[in-house]
Every structure is written in structure tokens, then in C-alpha cells.
Amino acid sequence: MFHSIMESSCTPCTSYTNSYLKSLFLLWHTVLTLLLIMESQHCLSSSPKMVILPLKTQVIPSGLVPRSPNKLPFHHNVSLTVSLTVGTPPQNVSMVIDTGSELSWLHCNKTLSYPTTFDPNRSTSYQTIPCSSPICTNRTQDFPIPASCDSNNLCHATLSYADASSSDGNLASDVFHIGSSDISGLVFGCMDSVFSSNTDEDSKNTGLMGMNRGSLSFVSQLGFPKFSYCISGTDFSGLLLLGESNLTWSVPLNYTPLIQISAPLPYFDRVAYTVQLEGIKVLDRLLPIPRSTFEPDHTGAGQTMVDSGTQFTFLLGPAYTALRTAFLNQTGSVLKVLEDPDFVFQGAMDLCYLVPLSQRVLPQLPTVTLVFHGAEMTVSGDKVLYRVPGELRGNDSVHCLSFGNSDLLGVEAYVIGHHHQQNVWMEFDLEKSRIGLAQVRCDLAGQRYGVAL
């Protein structure tokens with residue numbers, strides 16, 4: 001539009017007066033300036049079509065990332081992390097990818113306990129968010145704990161941990177350098193007070209990247225219509241892809257729709273990636289579980305969430321009991337059950353086996369398939385069992401079924417963790433409100449996108 005105006009104003013045959021031309025130029029300059037200001041404030045809309053970031057994994061015990069009350073506590077955890085830079089000049093940060101959280105946050109108070117931090121005083125582009133801002137008053141409605149106003153009239157956020165730890169700080173904005181793009185004005189939590197049960201491990205990360213469907217999540221602010229990730233099953237590396245994936249080289253994705261309930265319910269997370277679990281198979285045989293077992297009730301309890309911030313998969317009691325019984329019946333002749341009622345891994349995984357240390361390869365195990373509306377996720381091989389780190393019984397190691405009972409944790413939901421998403425291309429299509437799945441070799445996928453895994 002601006003180009004055509006300039007062309008017509010410079011045509012020799014024009015009869016415009018100099019004063020009119022000057023006014024036209026002033027108008028054009030004013031409009032352009034306003035657009036540039038709008039772009040600097042909302043340049044998230046100019047996000048690149050595709051950004052690829054390598055994923056890494058890190059062992060993180062419980063209490064290290066903020067979790068809303070429906071998040072699961074862990075004694076051992078593996079978190080997916082990405083590295084990027086924030087601020088002007090850029091500062092290196094490492095962030096945990098969590099599709100079950102909304103607000104992204106960074107440690108902003110450097111102490112002996114937390115040396116890996118972001119320093120807002122060193123960034124000339126850092127801006128605080130006042131509590132009178134619409135960001136604070138209107139866009140924090142899905143926070144587990146409502147935003148408040150501190151003594152400096154700044155928007156204050158409190159994030160709760162599943163193990164009663166907490167994190168406090170103010171909402172702020174700054175430039176996030178993602179790939180080759182600079183994204184201005186991205187809102188995050190600058191957390192200066194953290195209470196954690198394990199500060200030694202907590203210091204390994206700078207913060208968390210919230211990726212759920214809330215308005216202040218990282219992906220919502222960037223405005224990407226979709227994002228994907230793929231976790232390698234060999235070395236636990238992977239890639240995070242923001243934007244269109246164009247998987248023309250891979251098998252077709254099978255899609256399952258996202259479930260949405262607009263009315264607020266006490267046990268339903270409206271901004272989680274909720275899908276409809278319809279059944280569970282063991283060795284391709286559907287277990288006799290009523291469909292109603294997988295449907296949320298009138299309180300919202302019973303939703304099925306896909307959560308990259310959770311390591312394992314947890315099922316509500318009736319479904320877990322059916323799976324446990326069927327799996328136990330199929331493995332009784334090839335595996336020795338750990339008969340120790342005092343040992344329950346992760347507080348919810350009570351089917352464990354003793355495997356001789358001399359046995360390098362597990363016997364052939366029955367596959368477990370989660371059946372969703374329109375798609376399936378099959379767990380096979382050694383992904384069905386998980387070797388518990390550091391647990392030995394004489395000359396035996398301890399391996400537990402990698403599905404747990406969420407009832408034992410007091411969590412009223414099914415949670416699909418990232419352990420069972422290994423070598424599965426996971427596409428979160430926000431535009432069409434669906435999740436796509438496909439079995440792939442994530443190391444080969446990384447090569448296709450030029451990411452060495």
C-alpha cells in the first residue's frame with residue numbers, strides 16, 4: 001500500500017501541490033511510525049513460520065518446577081529442556097518444556113542456591129507489568145492462584161508446587177531470542193523467591209516454558225498455529241518445532257480432537273491438552289473397562305491430559321487395576337514380581353519386578369496400547385517397564401510398570417507422560433484443536449530438520 005502511494009506521488013504528470021505532497025508524506029510517516037510502534041509492542045505476530053530447537057533431558061527431582069494442584073509429584077523425574085537467550089544484551093537460559101503449565105518463568109534472584117538466573121537489571125529491554133495492565137487483570141484468569149498486586153503496584157504471581165514448594169515473583173516482558181528471530185514483549189514471570197525441597201538440582205535450570213492453551217503461555221503469545229516435538233528413545237534427546245512441520249517424509253499423522261468444556265468445573269483444567277481416552281489394549285486385546293470410566297464426570301474429574309512436564313502415565317484406579325491385572329497375568333511366567341508392600345515407586349507404581357543384573361535384555365513384554373478417539377499410542381519393549389535408579393535387591397535390579405495409579409496420588413485425572421511419547425511425533429494443532437500422533441524415529445526426524453540428536 002505504501003509503495004503504491006509513493007509511486008503515484010512521484011509520477012511526472014501529477015498535479016499535486018507541494019503542500020499536499022508534504023501532507024501526504026507526513027501522513028505516510030505517521031502511519032508507518034504507528035505501525036512500527038504497534039509491531040514493537042505486539043511483534044509476536046511477526047513470529048517466523050517455523051523455528052526448530054534441540055531438546056535435551058535432565059534428571060530433576062520433585063519440587064523443581066511449579067505445578068498446579070492437579071500436577072503429579074515425583075521423587076525422580078526427567079524433564080525436557082531447551083536453551084535460548086533472553087534480554088538485551090542476550091543472556092543464556094535453559095527452560096523446561098511443560099505442556100501442562102501456562103506461565104513461563106525465569107529465576108531472577110541470583111543466590112548461592114540459585115546461580116543459574118536471569119538478571120533483569122542487565123537487560124535494557126526488560127519491562128515490569130503493572131497490576132492495572134489488562135495483561136494482569138484479564139489474562140491471568142486461568143492461573144491456579146490468581147494474580148495479585150504487590151506494594152509497588154506490580155502484577156504479582158505465585159506458583160504452587162505439588163510438594164508444597166512455591167515460587168513468587170512479578171510478571172514482566174522482554175525480548176526472547178528464538179532461533180534467528182527476536183520476539184519482543186513476551187510476558188513471563190520473573191521469580192525472585194523460590195522455596196524448593198532440592199535446591200542443588202533446581203539450580204540446573206533457569207526456568208520453565210509454559211506451553212498449554214492459556215492466553216499467556218509461550219506458544220499462545222507467539223501465535224504459532226501449531227507446535228511439535230519428538231523425543232528420541234535412545235539418548236533422550238529430541239527436537240521442538242514451533243510452526244508448521246510439513247511431515248511429507250513421514251507416515252501420516254493420526255489426529256484426536258481436543259476436548260473443551262467452557263463452563264468452569266472444580267477438577268477440570270480448561271487450558272490443558274485434554275483428549276478422549278476410549279480404551280486400553282494389552283497384546284491388542286481391549287480390556288473390559290466401561291467407556292464411562294474414561295469420561296469426565298460432572299465435576300470435571302477424569303479428564304485425560306497430554307503433559308510433557310510429567311514423566312510417566314497415570315490412570316485412575318479402575319483403569320489402572322484392569323491394566324495391572326492383565327499385565328501381571330501375561331508376565332507371571334517370565335518375570336519375578338517384587339513382593340515388597342512397602343515399596344511403591346513414585347508413590348503410585350506398585351507393580352514391580354526383580355530382574356537379575358546379569359540379564360542384559362528383558363524378555364519379550366506385552367504391548368500396551370492407549371486408544372484415543374481417532375488415534376492410538378502403543379507402548380512396547382523396554383518402555384513398558386522402567387528400571388528404578390539406585391534400587392537393588394541383592395543381585396537384582398528393580399523394574400516397575402511404567403503406568404501408575406493416579407488415585408494413590410490424589411489426582412483426579414489421567415495423565416499421558418513423555419516417557420510413552422518417545423519416538424512418537426507429537427503435533428499440537430491449536431488452530432484445528434487437535435493432537436496428531438505418528439510413530440517415527442526421532443533421531444532420523446532430527447536429521448531431516450538439521451538438528452543433530
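Are aspartate 429 and lysine 226 buried or exposed? Both are buried. Buried here means under 20% relative accessible area; exposed means over 50%, and partly exposed is in between, with a 1.4 Å probe and protein chains only.

A word on the model before we go on. It is predicted, so local features need pLDDT of at least 70 and side-chain atom pairs count only at pLDDT 80 or more, while totals for chains, interfaces and linings use all residues. Residues are numbered from 1 along each chain as its sequence is written, and side-chain values use heavy atoms, with hydrogens and water left out.

Back to our pair. The side chains of aspartate 429 and lysine 226 meet in a salt bridge, at 3.8 Å from N to O. Aspartate 429 lies in strand S27 (residues 424-429) and lysine 226 in strand S11 (residues 226-231), so this bridge ties together parts that are 203 residues apart in sequence. The rule for a salt bridge is a side-chain nitrogen of Lys or Arg within 4 Å of a carboxyl oxygen of Asp or Glu. Strands are DSSP runs of E, at least two residues; helices are runs of H or I, at least four; both are numbered from the N terminus.

How many salt bridges does the rule give? The count is 11. Lys226 and Asp429 also belong to a network of salt bridges, linked with Glu244, Glu427 and Arg434.

Now look at arginine 393. Its side chain meets glutamate 391 in a salt bridge, 2.7 Å from N to O. Arginine 393 also forms a salt bridge with aspartate 340, where the closest N and O atoms are 3.4 Å apart. Aspartate 340 sits in the loop between S19 and S20, and arginine 393 in strand S23 (residues 385-393), so that pair ties together parts 53 residues apart in sequence. Glutamate 391 counts as partly exposed at 23%.

Next, the nonpolar cores. A core is a set of buried Ala, Val, Leu, Ile, Met, Phe, Trp, Tyr and Cys residues joined through side-chain atoms within 4.5 Å. The largest one has 69 residues, and Leu242 and Ile280 have the most contacts inside it. Helix H6 (residues 317-331) gives the most to this core, with 5 residues. A second, separate core has 15 residues, including Ile129, Cys136, Leu159 and Val187.

Stay with H6 for a moment. Its buried residues are Gly317, Ala319, Tyr320, Leu323, Ala326, Phe327 and Thr331. The expected span of a helix is 1.5 Å times one less than its number of residues. For the 15 residues of H6 that gives 21 Å, and its end C-alpha atoms are 21 Å apart, which agrees.

Last, the backbone in the loops. A cis peptide bond joins threonine 88 and proline 89, with omega about -5 degrees. Proline 89 is in the loop between strand S2 (78-86) and strand S3 (91-98). Asparagine 153 has phi near 60 degrees, a positive value in a residue other than glycine. Its place is the loop between strand S6 (148-149) and strand S7 (155-160). Glutamine 346 also has a positive phi, near 60 degrees. Glutamine 346 is in the loop between strand S19 (336-337) and strand S20 (352-356). It is buried, with a relative accessible area of 2%.
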